[in-house]
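Hi,

Here is the structure we talked about, with a few notes on its charged residues below. Have a look at it first, then read on.

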Amino acid sequence: QVQLVESGGGLVQAGGSLRLSCVFSGRTFSNYRVGWFRQAPGKEREVVSTISTGGNVIYYADSVNGRFTISRDNARNTVYLQMNSLKPEDTAVYYCAVEGKVGTGLYDYFGQGTQVTVSS
């Protein structure tokens, strides 16, 4: 059974930083691409960043490029999202996700989410 558990969200002032973590269990973590998504109130869920199995292929949404950094530790079954220079528009519930089948890039499993609130 695949499980993803996020942590690290909270309330921060604009310009501040947060680091999200997500621990994965139920499969061989190193075989799967993982990513971070977010959903703001009244909006659809959107992809924030994804990372390949070895960490060498990374995608960032334009809105976070240059401010957020994704990384993974396959020995700890954990993916991270370092968020710097946070803006009020980054306020959302952040979810980590893993692809359902190796190599598909289709993210079928999501964690419960962690709230990030950025005050102006």
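Let's start with Glu-99, which is buried at 0% relative accessibility (buried means under 20% relative accessible area, exposed over 50%, partly exposed in between, with a 1.4 Å probe and protein chains only). Its salt-bridge partner is Arg-33, with the closest N and O atoms 3.9 Å apart; a salt bridge here is a side-chain nitrogen of Lys or Arg within 4 Å of a carboxyl oxygen of Asp or Glu. Glu-99 sits in strand β9 (residues 92–99) and Arg-33 in the loop between β3 (18–25) and β4 (34–39), so the pair ties together parts that are 66 residues apart in sequence. Strands are DSSP runs of E, at least two residues, numbered from the N terminus. Arg-33 is partly exposed, at 32%.

Before going further: this is a predicted model, where local features need pLDDT of at least 70 and side-chain atom pairs count only at pLDDT 80 or more, while totals for chains, interfaces and linings use all residues. Residues are numbered from 1 along each chain as its sequence is written, and side-chain values use heavy atoms, leaving out hydrogens and water.

There are five salt bridges in the structure. Another one joins Arg-38 and Glu-46 at 2.7 Å between the closest N and O atoms. Arg-38 is buried at 6%, whereas Glu-46 is partly exposed at 37%.

Cheers

Key. Helices (H or I, at least four residues) and strands (E, at least two) are DSSP runs, numbered from the N terminus.
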